[in-house]
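Subject: Structure handover

Hello,

Here is the structure I said I would pass on, with notes on what turned up in it. Please look it over before reading the notes below.

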Amino acid sequence: MKLLFDIHSKGQYPANSLSNFANHHFVLDQVPVSCMEGLLQSLKAPLQDQSTVCQMDGHTAKKYGSAIPWQENGGLLQWQGIYFSRYSKEYWHFLVRAYDALADQNDDYAQALLDTGHRLLWHSIGRLRKSQTCLTTVEFVALLYHERRRVRKRIRRR
């Protein structure tokens with residue numbers, strides 16, 4: 001049995017299904033989202049483009065967001081006209097809310113979390129510095145563990 005899951009879009013299930021590039025639909029603040037990568041990259045986009053970026057597949061969204069020099073404005077991101085610093089508690093709370101919505105609304109994503117069992121999760125290709133990415137490896141893995149615990153609790157209550 002594999003002890004460590006490296007979360008990667010090109011990995012095997014369930015690791016690939018937990019990638020931000022995986023096609024898992026959900027809605028956040030009445031905005032349809034096709035994958036978490038689309039949502040993350042939309043935070044760099046102008047308000048009028050946000051919903052379009054949220055509907056992109058992961059690779060297209062990543063390419064779109066990579067062309068935006070968001071670090072030049074001090075790491076200021078925005079969602080639906082509300083601005084927050086990449087380095088703020090507000091941003092972290094937004095991320096938790098977004099991943100909560102994904103895990104609550106998408107059964108395939110929730111099942112992939114459960115299918116990791118109690119194994120360790122990691123993301124070997126991510127970045128570690130907040131100044132380089134909208135979501136560091138450590139933040140991503142922390143969110144996955146948070147959601148796995150939430151899904152398990154939800155299942156136990158049934």
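In this predicted model, the axes of helix H5 (residues 107-114) and helix H6 come within 9 Å and cross at roughly 100 degrees. H5 is therefore roughly perpendicular to H6. On the H5 side the contact is made by Tyr-109, Ala-110, Leu-113 and Leu-114, and on the H6 side by Leu-144, Glu-147, Arg-148, Val-151, Arg-152, Arg-154 and Ile-155.

H4 packs against H5 as well, at an angle of about 95 degrees and with the axes 5 Å apart. That angle makes H4 roughly perpendicular to H5. Here Tyr-99, Leu-102, Ala-103 and Gln-105 of H4 meet Asp-107, Tyr-109, Ala-110 and Leu-113 of H5.

The remaining pair is H4 (residues 89-105) with H6, packed at about 45 degrees with their axes 10 Å apart. H4 is therefore oblique to H6, and the crossing of the two is right-handed. From H4, the residues involved are Trp-92, Leu-95, Val-96, Tyr-99, Asp-100, Ala-103 and Asp-104. They meet Glu-139, Phe-140, Ala-142, Leu-143, His-146, Glu-147, Arg-150, Val-151 and Arg-154 in H6.

Arg-148 deserves a separate note. Apart from neighbours within four places in sequence, Arg-148 is in contact with Leu-113, Thr-116, Gly-117, His-118, Arg-119 and Leu-121.

Next, the backbone. Most residues other than glycine have a negative phi, and most peptide bonds are trans. The exceptions worth checking are these:

- The peptide bond from Tyr-13 to Pro-14 is cis, with omega near 5 degrees. Pro-14 sits in the loop between strand S1 (4-6) and strand S2 (26-28).
- Asp-29 is not a glycine, yet its phi is positive, at about 50 degrees. It is placed in the loop between S2 and strand S3 (31-33). With a relative accessible area of 37%, Asp-29 is partly exposed.
- Gln-30, also a residue other than glycine, has a positive phi near 65 degrees. It is found in the loop between S2 and S3. Gln-30 counts as exposed, at 77% relative accessibility.

Last, Asn-16, which lies in the loop between S1 and S2. Asn-16 counts as partly exposed, at 25% relative accessibility. Not counting residues up to four places away in sequence, Asn-16 touches His-8, Ser-9, Gly-11 and Ala-22. Asn-16 and Leu-102 are 86 residues apart in sequence, and their C-alpha atoms are 15 Å apart in space.

Regards

Definitions and conventions. Residues are numbered from 1 along each chain as its sequence is written. This is a predicted model: local features need pLDDT of at least 70, side-chain atom pairs count only at pLDDT 80 or more; totals for chains, interfaces and linings use all residues. Side-chain values use heavy atoms; hydrogens and water are left out. Contact means heavy atoms within 4.5 Å. Axes are lines fitted to C-alpha atoms, for helices over the stretch in contact, and angles run from 0 to 180 degrees between N-to-C directions. Helices (H or I, at least four residues) and strands (E, at least two) are DSSP runs, numbered from the N terminus. Angles under 35 degrees count as roughly parallel, over 145 as roughly antiparallel, 65 to 115 as roughly perpendicular and the rest as oblique. A crossing is left-handed if the near helix is turned anticlockwise from the far one by less than a right angle, and right-handed if clockwise. Buried means under 20% relative accessible area, exposed over 50%, partly exposed in between (1.4 Å probe, protein chains only).
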